[in-house]
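Please keep the view open as you read.

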Amino acid sequence: MADGFEVHLATCPECARELARYREVLAAVGSLGDAVEEPPRGFAERTAAHVLSSERPWVGRVRWLANDRRMHVAAASVGGAIVGAGVLGLLWRRAARRELVRTGEAV
Amino acid sequence: MVSRELLDRCRRGEPAAFEELVRLTHRRVFTLAYRLVGDRHEAEDVAQDAYLRVYRGLPGFRGDSSLDTWLYRITANAAVSHLRRRGRFGDLLADPDDVVDVPDEVGADPVDKDEIQRALVALPVAQRTVLVMRDAYGFSIAEIADAMGLTEGAVKVRIHRARRRLKELVYGPAAPHGHDEVGERLPELAEERSRG
């Protein structure tokens, strides 16, 4: 804050009082974050039942699997293995063709 | 306190674990919902919607933020959605500077919780929402802007006006004494000193 502003606050009782009121109000609002409003009776049970009845259990498991890092690693491994096998197959096929051509030329 | 083990069980979709999570956290979630919408019945709807979002989001929750912060963010988003659905979206986006009745009696120091809660309920929805998110629950300006679909600049302006209005509701308007320019800076100065 600028010095002039601080000097003004130190010498103007009205502004100093206003600042003190703002701080009181902010402190009171801040205290609300720690205070608890008691929910209606049975609220927790109703809420859990509502959510669990809205969602099929397997949907939750699928979401869990979709977000599980181990599943990501496993999927990447399987994908890598499939690609690797494909590449090996192509190489083997190309080598077999060359062998056929070479055999034909020899005959 | 929600344990890591309970969270893991929730992520795996165990119903009993989710019930336990709700039991451990519902008071805080309901309270935030109530502070934002200002009505107990509506707060219950908002909290239920928030828990549905929590249930769906749990498998992807990595714990980058604390569980409380995550729950509060989801609850605030659910409250904003609720206010939009209830046709109070206009209130939410409007930046009302309309006249609010100021009580005749000037409040005495210190301000108690009931008094501040009554004053909060008297605030326009748009101002109450940003003020509660920022000053009661410590949301960042960016988080509030994201939840409300506003720019950060608009959120800052709204918070400033909300603080001024709330102070007037509690203590009455400042007596004019020719220092309006200083008065404009007081809400932010009060925040800086309160936080720092």
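## Chain A at a glance

How much accessible surface does chain A have, and what share of it belongs to carbon and sulfur atoms? The accessible surface comes to about 7400 Å², and 62% of this belongs to carbon and sulfur atoms; such areas come from the Shrake-Rupley method with a 1.4 Å probe, and for residues only the protein chains shown count as cover.

A word on conventions: this is a predicted model, in which local features need pLDDT of at least 70 and side-chain atom pairs count only at pLDDT 80 or more, while totals for chains, interfaces and linings use all residues. Residues are numbered from 1 along each chain as its sequence is written, chains are lettered from A and ligands numbered from 1 in the order in which they are written, and side-chain values use heavy atoms, with hydrogens and water left out.

Chain A has five helices and zero strands (DSSP runs numbered from the N terminus: H or I of at least four residues for helices, E of at least two for strands). Of its 107 residues, 26% count as buried (under 20% relative accessible area, with exposed meaning over 50% and partly exposed in between, for a 1.4 Å probe and protein chains only).

## A nonpolar patch on chain A

A:V83, A:V87, A:L88 and A:L91 make a nonpolar surface patch of about 390 Å². Patch residues have over 30% relative accessible area and no salt bridge; nonpolar side chains (Val, Leu, Ile, Met, Phe, Trp, Tyr) are joined within 5 Å, and like charges within 9 Å. One of the four, A:L91, sits in helix α5 (residues 69-106) of chain A and is partly exposed, at 49% relative accessible area.

Chain B has nine helices and zero strands, and buried residues make up 52% of its 196 residues. In helix α1 (residues 4-11) of chain B we find B:L6, which is buried at 6% relative accessibility. Its C-alpha atom is 7.5 Å from that of B:L21, 15 residues apart along the chain.

Side chains of opposite charge can pair when their charged atoms come close. Over all chains, 18 salt bridges are counted (a side-chain nitrogen of Lys or Arg within 4 Å of a carboxyl oxygen of Asp or Glu). In one of them, B:R73 meets B:E143, with the closest N and O atoms 3.2 Å apart. This pair links helix α4 (residues 67-93) to helix α7 (residues 141-148) of chain B, across 70 residues. B:R73 is partly exposed at 29%, and B:E143 is partly exposed at 24%.

B:E191 and B:R163 also form a salt bridge, at 3.2 Å from N to O. B:E191 belongs to helix α9 and B:R163 to helix α8 of chain B, so the pair ties together parts 28 residues apart in sequence. Both residues are buried. Shared partners join B:R134, B:D135, B:R163, B:E188 and B:E191 into one salt-bridge network.

## The second largest pocket

The second largest pocket has a volume of about 270 Å³. On a 1 Å grid over the protein atoms alone, a pocket is an open set of points with protein on both sides within 12 Å along at least five of seven lines, and lining residues have an atom within 4 Å of a point. Grid points are joined across faces, edges and corners, and the volume is the space filled by probe spheres (1.4 Å probe) set on the points.

Of the 16 lining residues, A:E18, B:A174, B:D180, B:G183 and B:E184 are the closest to the centre of the second largest pocket. α9(B) gives the most to the lining, with four residues.
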